[in-house]
Amino acid sequence: MAWTHNDDLLCLQEDGQVLIYNVFGQFQRSFTMGKDCRDNKVMEFEVFIGQQGTGLVAMSGLFRFLLVNNVDDPKVRILADVPGLKTTPPSSWCVLPGSRTSKVLAANDNDVYLLDQGGHCSQQIPTGLTANPSSYISMAVSVDGKHVALYMNTGTIWIGSSDFQEKYCEFNTNDGRRPKQLLWCCDSITSNTRRLSDRDIAIVVYWPKTLLVVGPKKDWVRYSVEEDLNVPSGMASAVLSADMDGIRIVTVNRHDFLQHVPNAVEGIFKVGSMAPGALLNDAAKEYNHQSEKADEYLRMLLDNGQLPEAVEKCTLAAAAEFQPRIQKLLLSAASFGKSFVPSIKLTDLFVNTCQNLRILNAVRDFNIGIALTAAQLQHLTINCLIDRLVSRREFQLAFHICKYLKIPEDQGSSRILSHWACYKVQQSNVDDTSNARAIRDKLQSARGVSYADIAEKAVESGRKDLAIKLLEFEPRAAEQVRLLSKLGKHTLALEKAVMSGNTDLAYSAIARLRERTNLSEFLVAIRQQPIAYKLYLKSCREQNEQMLKDLHEQEDNFIELAHCHIHDSCSTFRPEDRVMSLHAALDSFSKARDDFGVKATEEQLQLLRDQTNFEQQTDHSFAELSMHDTIHELLITNQLKKAEQLRKQYKVNDKRWWWLRIQSLAEIGSFNELESFSKSKKSPIGYLPFIEMCMKYNAPGEVPKYISKVSQEKRVSALLKVGNVKAAADLAIQTRNLVDLDMTLKRCGVEHREIAEQVKGALMQLQRR
Amino acid sequence: MTSSAPHLSTGCVNLGLIRDDSRKELLRLLDKCAGTKALVWDPELTEQFGLIAEYSLLKEYEVDRMFPLRPTRLPKSNVQHIVFVTRPVASLMDQIAVNIKKEEEGDGFGRKEFHVFFVPWKSFLCVQKLEELGVYGALTNVEEYKLDVIALDSDILSMEHHSAFYDINIDEDMTSLYLAAKAIMSIQKQFGTIPLVYGKGKCSKNLCGLLRKMQEEIGEVAEDEQSQIDRLIIIDRTADLITPLASQLTYEGLIDEIYGITNTTASFPPDKFSKASKSEDLATEKKKVVLTSKDELFSQLRNCNFNAVGPNLKKQARTISEKFEERHAAKTVGEMKQFVSHLPQMQQAKAALAIHTNIAELIKEYTEESDFLETLSVEQEFLNGIGTDKINPFIEDCLFQKRPIVQVLRLLCLQCITNNGFKPKVYDYYKREILQTYGYKHLITLSKLEKCGLLRPMGGPWNYNTVRKSLRLIVEDINEKEPQDIAYVHSGYAPLSVRLAQILSHPGWRSIEEVLKIIPGPTVSGLQQGVPKKKWQGSVGSDSGSSSSTVTLVFYVGGVTYSELSALRYLSAQNDGHEYIVAATNVVNGNLLLRSLVHND
């Protein structure tokens, strides 16, 4: 059993099953360490905090090591076998956390091996080892993986760097018993930045009731550990756990923390210290007592240029202290000193420290009970702390911290609020409406909250109605619709999909609605959503025309229905089908009281009949022809009588008739007949068309017959059409028509330069007037 | 990654960034299929992609082959991956399924992996269809390539979503609107949240609603950075249907009307150009010309009224030949050297000049045809409010000659709008004659036109003459060569939508509240998005630096015309502290708009 860095409880069973519970003992997830563990049992295991998160190493019954670098993403890797291990377990082993992957140090009697996941195994020989042990019975690696300690059966401890290249010292405890625990106590944060100093690290050996702290220079301290002998054995002794800046000592009644006194604190509070921090602290104290000594101290610092350092030290010391009273004292000293040093860096440090201390003091409160040092917080990061608070359901505190630190909403307060809401929906003692409202009220101001996620949680805890109410607030339509249809609320899903404007979403909602409900229900539902209804009509038009007609019929949308029938009549080739469709269209038009439609359809029916008649009398096809085309067809096949018949029957416009006649006659080259036609009556469309048609059908010789008949105002353009620019120009100049002159001028071009000059002259004259 | 489209970044807002983003996304997707691959293209998309990534770049990412998507077997290739790049269109899914099945049956070169990239979004219906066709399981990756907007030039973004107008107004399918909102979101992601939103027309309000919703969905974004765009104006095409109906008379507009510009490229009949290109076989193919501001000459000409193009070309020709003449003046070796160093540039300019002279000649022929001139004069009459209430003889003539239906409808719709709808008698007459000429099935066409407001009976608040007078849509005495007003783009008619944008900049929409009520659709006036920017509170008096000019993004739902683009460019060039960039679902003209509505089987 161990805790992960997320404050989850991790339990490894003998069969290699790893179970993870949250802080409330609720099961989260599980994974297995593989077949080897299942078959051969897990003998021992160790949990470590690496850079990738919480890792786990287990030793199976075959004394093989299995490594998981990150329990959140469990990938089991088998490490190389330790040479010479067959029947006996390794005399000791420990994990060496690395930056990317971790390794295992294992000792078989007096040989030490380094095992990595690539399957390599290399023997390590401690440099400068003078003792001659028969086995290493315990070993420890510091949290940052830089230092290693080997405890021998002779009672000697070899302390050195983890690559075994450097020996710090050998220390003889004269105690050959296997220690209960061997750990490093070091300040990994400071030792990262500064050169290794002997004060920063120490090895802690724990036997029952005794704690021995040994520094790399063989200096040592012995503490006694209080143990409650009334408690059954095993529970009685303390458990030590290495943290990154010290050691936690947990006994049944107490939780102690052993660490080096931080340099800053030492400098200030050491008796008779003259360190800058101490001086500043004294200065501040004197200042508060309104004593002139304050100035003295301050001057001393200023003269030596040590004031910035003093402020820094006071601030750091405050951060390292646990009691708010001393924190305040030190901070006020720092603030006092700071007012003499304008440095942004120091100000930032000061502000950050104050913020962190507020948070730390808050979480150290016994109600919360997260005992953290400033260094640990820095290592853990604020976000992680907030996660821990959230997982402990300390939503309010977490929320306040986020607000206090002004963490961006989506990572901070909004996230906490949605966690809170997820938790809230699982409580079944509040009714849905008020629950939904409560959540809405709280979350209204927060942006980026996923109501869909909360609703999903609600569904998980069987609260459908609440989920639906919550989904009302979800701004992302796709999520909303997905969940709603998952909940079987297809109509509502459709409504939301339509509101989103995303037609694709609407189509998918329509399709699901159609699948899940019977036709009549479906139609009722979809008709309430005009936009969805339109979409459905469109898809019907493409795929299901009968349905389209049915829908129009039911909606009394007769015009549209008529159009469907017209469409049908156009797409079929069989005359009887066509007639049938047209009758249906006629019926629809009359229902829609569309007189024009009725009339047009009747005429079309009549036309179809006539066309069929003609087809029987001649062997021409009249299929698909309009009235205009039918008459044209009759005229160019010399069936004037039939054309006349149609003309009368359909009251064809006189002008159309003339156009048709002129065009047809010219087309079939009957220019004599054309001439006699021109004389038959006064043309309702003038005589320009005659000329146009003659030109079009290559009979310019016929043109002069009609020129004189063309009305005065159109004669110029007629002449131009024939290409008689000279005559046109003469006429235009004569009539003094501005438009005509302009038109003529445009047509003159290069070859009629003289005429152009004349026309220009006339134009100028006209304009001058 | 270096951008090979420097002309995109020359505007007041660097649209090259949008392109860079799209490229990165594309390459990220391609990286998902490690190994050699063949891309199978939805033909509609090939040209679009040309604007984002050139073939050499794709080749770097192991794209060995490219095929168009066809319902037949794919050509043989020994690639590891086959990637279908397609729009989410159901009919294309059938083709993909056929392809995959055929490929799996065939001998092939070992196993291949199949992928589908949907552009610009993965549609549920298409995925469903692939499942029904039984090929969904065979796909390794089904991805969405969110190509929300494409930068066509330094000041225009297009979603290249050509069915937007039809979908919204006929099918009432709001997908395009959702996509538009997403496009605006990605523009905002790039350039900051636009603080103020205005809008006019049916969809403007809905679009604003969607924008707000999307903003809520993504939650809070970093608000401290200032948006590079100060205002957004959403204009629904249905609020200004007049402009696309009127003939565009700018150089670019005319090219689009006559030859059509798709994805910045237009194709011209080859015979004019064959003189220039010597090889014979090339002559049969259409001449493709890329029309962007990369082409310096084109960027001078594109916004000119066509009447000003000729003189402009002449001037260019003179400058170039003068430059060539300089070689005679060059005497010293140094001068010669300098001349030679300019030579490639001059050659290029000469080639560009030749191309545009040819194009201009083609257009000139077209614009001098009586058909075009008569249409134009009828249009001008209508726009001036003359004779709109009577049956127009020219439209009649066109009908009775059975001219192309689009041409007739374009004039008819213009007449209808400028007359505030037709009197029943006139309306029924036109409708009947249309059916008689073009056939009964066009009853559906007519109803569609009615549905989107292009044709309608009289009534309703719309009054063209009021709008025309109060917004000064008709400007007399337009100087086409040195324009004084945006009305030059239609030789006298100022595009309504652009006028709205212009008035918003100065003096503001408050001055035209009454008119806005007449224009169809709701008005969105100064909706705030996000945190109001300091710029708006403090800088009223300090509008001195060039960087402080107000940038307005005009978003057209349902398409923008090239004439409107030119008009907005004209406004940007005024240097009065207002600059405009344009985004749209697509670029349209009247013919395209009507063609989509004409029923055909």
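**Exercise 1. Work out whether E555(A) is buried, partly exposed or exposed, and find its charged partner.**

Step 1. E555(A) has a relative accessibility of 34%. Buried stands for under 20% relative accessible area, exposed for over 50%, and partly exposed for what lies in between, using a 1.4 Å probe and protein chains only. E555(A) therefore counts as partly exposed.

Step 2. Before going on, a word on what you are looking at: this is a predicted model, in which local features need pLDDT of at least 70 and side-chain atom pairs count only at pLDDT 80 or more, while totals for chains, interfaces and linings use all residues. Residues are numbered from 1 along each chain as its sequence is written, chains are lettered from A and ligands numbered from 1 in the order in which they are written, and side-chain values use heavy atoms, without hydrogens and water.

Step 3. Now for the partner. Side chains of opposite charge can pair when their charged atoms come close. The rule for a salt bridge asks for a side-chain nitrogen of Lys or Arg within 4 Å of a carboxyl oxygen of Asp or Glu. E555(A) meets this rule with R527(A), the closest N and O atoms being 3.1 Å apart.

Step 4. Helices here are DSSP runs of H or I with at least four residues, strands are runs of E with at least two, and both are numbered from the N terminus. R527(A) is partly exposed too, at 29% relative accessible area.

**Exercise 2. Find out which elements D153(B) and R302(B) belong to, and whether each residue is buried or exposed.**

Step 1. The side chains of D153(B) and R302(B) form a salt bridge of 2.9 Å, N to O.

Step 2. D153(B) belongs to strand 6 (residues 150-153) of chain B, and R302(B) to the loop between helix 11 (296-301) and helix 12 (306-329) of chain B, so this pair links parts 149 residues apart in sequence.

Step 3. D153(B) is buried at 1% relative accessibility, and R302(B) is buried at 5%.

Step 4. Salt bridges can also share partners: K538(A), R541(A), D167(B), D171(B) and D173(B) are joined into one network in this way. A search of the whole structure finds 47 salt bridges over all chains.

**Exercise 3. Describe how chain A and chain B meet.**

Step 1. Begin with contact, meaning heavy atoms within 4.5 Å. By this rule, 48 residues of chain A touch 46 residues of chain B.

Step 2. Turn to area. About 4300 Å² is buried between the two chains, and carbon and sulfur atoms give 53% of it; buried area is the accessible area (1.4 Å probe) that two parts lose on being put together, summed over both. F596(A), R656(A) and W659(A) supply 15% of what chain A buries against chain B, more than any other three residues.

Step 3. Look at the charged pairs. The interface of chain A and chain B holds 10 salt bridges by the rule. One of them joins E603(A) and R432(B) at 2.6 Å, N to O.

Step 4. Ask which helix matters on the side of chain A that touches chain B: helix 22 (residues 558-571) of chain A gives the most, with six residues.

Step 5. K451(B) counts as partly exposed at 36% relative accessibility.

**Exercise 4. Name the residues that touch the most other members of the largest nonpolar core.**

Step 1. A nonpolar core is a set of buried Ala, Val, Leu, Ile, Met, Phe, Trp, Tyr and Cys residues joined through side-chain atoms within 4.5 Å.

Step 2. The largest such core has 204 residues, and Y251(B), I255(B), L454(B), L471(B) and I519(B) touch the most other members. Helix 16 (residues 405-418) of chain B gives the most to this core, with 10 residues.

Step 3. Leaving out residues up to four places away in sequence, L471(B) touches residues including L496(B), R499(B), L500(B) and I503(B).
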